[in-house]
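Dear colleague,

Please find below the structure that I am handing over to you.

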Amino acid sequence: MLRSTTWVALLVSLPLTATAWGPTGHRAVGQIAERHLTKKARKAIIRILGSEGLAMAGTWMDDIRSDHAYDHTHDWHWVTVPDSSTYALSAKNPDGDVVEAIERMKAILRTDTAAMERKRAALRMLVHLVGDIHQPLHVGRGDDKGGNDFQVRWFKAGSNLHRVWDSGMIEERKLSYTELANSIDHASKAEVRSWQLSTTVDWTAEAVVLRPQVYGAEKGADIGYEYMYANWPTVEQQLVKAGVRLAGVLNELFR
């Protein structure tokens, strides 16, 4: 068992300020998911969310960060998996992580006895967290708060690597969330089947594989068009995977 001081050191090293994708990215994930739902899943979601929809629900978990009643959820947005390790072998945050939280939200939604208000919160969180885990820096390596401490200059302005992936590249495209969703939601049937067969833990492994590419800049470097050209296809891929996989989770939950 880790000593309490070790837990403190571990928690300090993690991305406490992470938000993931920003509103445009999260809403695009929800929009894509809605297009891949079964009729049963769509009806169940309307019963829970009403007219809100998955796109709007996707930003709720970031909106509640200013409400201290939800302070206990802050650690659920991310997980640490050190280089050359796996989720199974990594030390677990006692306050929860994105993998554990996704599974817990799924369990709430499966429960017939859960109050509708609780199910609504669980569904909103699930939409958001599936988006979060597909932002590669929300699977942190444990030494720079998921890129928050990795300072760079993004198009000459001070920033950090996490922010570049959360919103910098997406905002630079100047697309609405519907335009973004429309431009990337072109997965083949084979891709949809393959992506939806993967597990939450598989998604963390994918993020670890992407690390050399994500960290393809020096600390303090001026980055912009060249970095974005190299990484935008990965942003698109991660967003569409998140949407398709979210739909797969919801279709399974509401069969």
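Residues Val98, Val99, Ala101, Ile102, Met105, Lys106, Ile108 and Leu109 of α6 meet Arg118, Lys119, Ala122, Leu123, Met125, Leu126, Leu129, Val130, Asp132 and Ile133 of α7, where contact means heavy atoms within 4.5 Å. The residues of this contact comprise 14 nonpolar, no polar and four charged; Ala, Val, Leu, Ile, Met, Phe, Trp, Tyr, Cys and Pro count as nonpolar, Asp, Glu, Lys and Arg as charged, and the others, including Gly, as polar. Helices (H or I, at least four residues) and strands (E, at least two) are DSSP runs, numbered from the N terminus.

Please note that this is a predicted model, in which local features need pLDDT of at least 70 and side-chain atom pairs count only at pLDDT 80 or more, while totals for chains, interfaces and linings use all residues. Residues are numbered from 1 along each chain as its sequence is written, and side-chain values use heavy atoms, with hydrogens and water left out.

The axes of α6 and α7 (residues 116–133) come within 9 Å and cross at roughly 145°; axes are lines fitted to C-alpha atoms, for helices over the stretch in contact, and angles run from 0 to 180 degrees between N-to-C directions.

An open sheet is formed by three strands in the order β4-β3-β5, with mixed pairing; two strands pair if DSSP finds at least two bridges between them. The edge strands, β4 (157–160) and β5 (222–223), each pair on one side only. Strand β3 (residues 151–154) pairs with β4 in the antiparallel sense over four bridges. Among the bridge partners in β4 are Ala157 for Trp154 and Ser159 for Val152. The hairpin of β3 and β4 has two residues between the strands, and Phe155 in this hairpin takes a positive phi near 50°. Helix α8 (residues 161–173) lies across β3, β4 and β5, running at about 105° to β4.

Finally, helices α6 (98–110), α10 (189–197), α11 (200–214) and α12 (225–253) each supply at least two residues to the lining of the largest pocket. The largest share, five residues, comes from α12.

With kind regards
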